[in-house]
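This report describes one protein chain for a reader who is meeting it here. Please look over the sequence and the model before reading on.

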Amino acid sequence: MRHGKSGNRLSRNQTLRKATLRDMAKSVFLQERICTTRAKAKEARKLIEKLITLGKKDTLAARRRAFAILCDHKEVSQLFSQIAPRFKARTGGYTRIIPYVQRAGDNAALAFLELTEKSKEIITNKKRIKVPKEAKATGGKKAKAGDVKVVSDAETKPVTPTPVATPSATPAGPTTHSKADVKSTPKAASKGFFKKMFQRKIGAE
């Protein structure tokens, strides 16, 4: 029986459970929103809110206690300098859990774990939408059937087609090559060179 034992063990021993919750807290501080199971989100929320409460104190003892949990100087400095100051007006409720869907495979209930106070960079970060080429001609709106397009004088002038040179007709039949053309090719020149060398060798013998 589990008399007086609160919390979910998450099917882990003590060291693995601490490591899991520590990594989830780091991910929330870094990304400000993660997707996990509801059981893990409920357990991680307790640790995250405890760390933010320590960050609001901003003392040397609080920093040492936070470092004992996170084991990362960079995360501790981010907690005390960037994350905790957002929650000065709050006395609690630093995180929220939003139910999501059932995970395919084991049918586990998923949920979003996020901070209630987002950073200004995430709020002001808007996606840039590319305007298509058709919309640029009508001032950012797609062209419709009733729209009138203004055409300049240069576009209305008729364009004279440029004459294309047609190849001259040649009589059908086998093509003939002169001796000069045959000798000019590298293959023919190599044959003549080896022929002369062979004749010189025979004459010397």
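## The largest pocket

By class, the residues that line the largest pocket comprise 4 nonpolar, no polar and 6 charged ones, where Ala, Val, Leu, Ile, Met, Phe, Trp, Tyr, Cys and Pro count as nonpolar, Asp, Glu, Lys and Arg as charged, and the others, Gly among them, as polar. The lining is made up of R17, K18, L21, R22, E43, K46, L47, K50, A68 and I69. Two or more of these residues come from each of the helices α1 (14-31), α2 (38-57) and α3 (60-70).

The space in the largest pocket is about 250 Å³. A pocket is here an open set of points on a 1 Å grid over the protein atoms alone, where a 1.4 Å probe fits and where protein lies on both sides within 12 Å along at least five of seven lines; lining residues have an atom within 4 Å of a point. Grid points are joined across faces, edges and corners, and the volume is the space filled by probe spheres set on the points.

## Basis of the model

This is a predicted model, in which local features need pLDDT of at least 70 and side-chain atom pairs count only at pLDDT 80 or more, while totals for chains, interfaces and linings use all residues. Residues are numbered from 1 along each chain as its sequence is written, and side-chain values use heavy atoms, with hydrogens and water left out.

## The chain as a whole

The chain has 9 helices and 3 strands, which follow one another from the N terminus as α-β-α-α-α-β-β-α-α-α-α-α. Helices (H or I, at least four residues) and strands (E, at least two) are DSSP runs, numbered from the N terminus.

Of the 205 residues in the chain, 21% are buried; buried means under 20% relative accessible area, exposed over 50%, and partly exposed in between, with a 1.4 Å probe and protein chains only. Among the contacts with a separation of 6 or more, 53% join residues 24 or more positions apart, a contact being heavy atoms within 4.5 Å.

## Buried residues in the strands

T36 lies in strand β1 (residues 33-37) and counts as buried because its relative accessibility is 12%. Leaving aside residues up to four places away in sequence, T36 touches M24, A41, A109, L110 and A111.

F112, which belongs to strand β3, is buried as well, with a relative accessible area of 18%. With residues up to four places away again left out, F112 touches R33, I34, C35, R96, I97, I98 and Y100.

E75 is found in helix α4, and it is buried yet has no salt bridge, since the nearest side chain of opposite charge, K26, is 6.5 Å away. A salt bridge is a side-chain nitrogen of Lys or Arg within 4 Å of a carboxyl oxygen of Asp or Glu, and for charge, Lys and Arg count as positive and Asp and Glu as negative, with His and the chain ends not counted. E75 touches K26, F29 and L70, not counting residues up to four places away in sequence.

## Positive phi in two loops

C71 is a residue other than glycine with a positive phi, near 60 degrees, and its place is in the loop between α3 and α4 (73-83). C71 counts as partly exposed because its relative accessibility is 48%.

N107, also a residue other than glycine, has a positive phi near 60 degrees, and its place is in the loop between β2 (95-102) and β3 (109-115). At 52% relative accessibility, N107 counts as exposed.
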